[in-house]
Amino acid sequence: MLPCELDRPDVARKRKFWKRYQADIDPTHLVFIDETWAKTNMTRTHGRCRKGERLRARVPHSHWKTLTFLAALRHDRITAPCVLDGPINGRSFLAYVEQFLVPTLKPGDIVVLDNLDNL
């Protein structure tokens, strides 16, 4: 959320509602969704070796890939893990929700997401 959004009356009203009623929510029904990624070009640019010796290491070159990891965090475990070959976008997120997340949900579960505007 952008800082300027915090000042909007509708956002302030929703945050106030959330704070007022969050104590009534059963934490066993909360499901937090998040993602992270790794790129193959995330390699070390420096290393160590004995003085006078040449450091040799293999790194990917010019064929960069992104792997995205999505999962649902519950109060007692991680569920619906998924690794995507590529960056996340709206289509791949929808596929994750339909194929991985929905089958793990139970009646009364509350799914909490962030950064939806980035998809």
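Helices are DSSP runs of H or I at least four residues long, numbered from the N terminus. In this predicted model, helix α2 spans residues 90-101. Phe93 and Tyr96 both lie in helix α2, three residues apart. They are therefore separated by about one helical turn.

The aromatic pairs were examined next. The count comes to three. In one of them, the ring centres of Phe93 and Tyr96 are 6.4 Å apart. Their planes meet at 35°, so the pair is tilted. The cut-off matters here, because stacked pairs need planes under 30 degrees apart. Both residues are buried: Phe93 has a relative accessible area of 15%, and Tyr96 has 1% relative accessibility.

Tyr96 also pairs with Phe100. The centres of these two rings are 6.0 Å apart. Their planes lie at 15°, so this pair is stacked. Tyr96 and Phe100 are four residues apart in helix α2, and so about one helical turn separates them. Phe100 has a relative accessible area of 33% and is therefore partly exposed. Ring pairs thus link Phe93, Tyr96 and Phe100 into a cluster.

A contact between a charge and a ring was found at Trp37. The charged end of Lys39 sits over the ring of Trp37. The distance to the ring centre is 5.8 Å.

The strands were then considered. Strand β2 covers residues 66-73, and strand β3 covers residues 78-85. The two run antiparallel and are joined by six bridges. Leu67 has Asp85 of β3 as its bridge partner. A hairpin of four residues connects β2 to β3. In a regular strand, side chains alternate between the two faces of the sheet.

Which of the two classes, buried or partly exposed, applies to Cys82? Cys82 is buried, because its relative accessibility is 7%, and the limit for burial is under 20%. Cys49 reaches 40% relative accessibility, so Cys49 counts as partly exposed. The disulfide count is zero. A disulfide would require a pair of cysteine sulfur atoms within 2.5 Å.

Key: Residues are numbered from 1 along each chain as its sequence is written. This is a predicted model: local features need pLDDT of at least 70, side-chain atom pairs count only at pLDDT 80 or more; totals for chains, interfaces and linings use all residues. Side-chain values use heavy atoms; hydrogens and water are left out. Two strands pair if DSSP finds at least two bridges between them. Buried means under 20% relative accessible area, exposed over 50%, partly exposed in between (1.4 Å probe, protein chains only). Rings of Phe, Tyr and Trp (its six-membered ring) pair if their centres lie within 6.5 Å; planes under 30 degrees apart count as stacked, over 60 as edge-to-face and the rest as tilted. A charge sits over a ring if NZ of Lys or CZ of Arg is within 6 Å of the ring centre and within 35 degrees of the ring normal.
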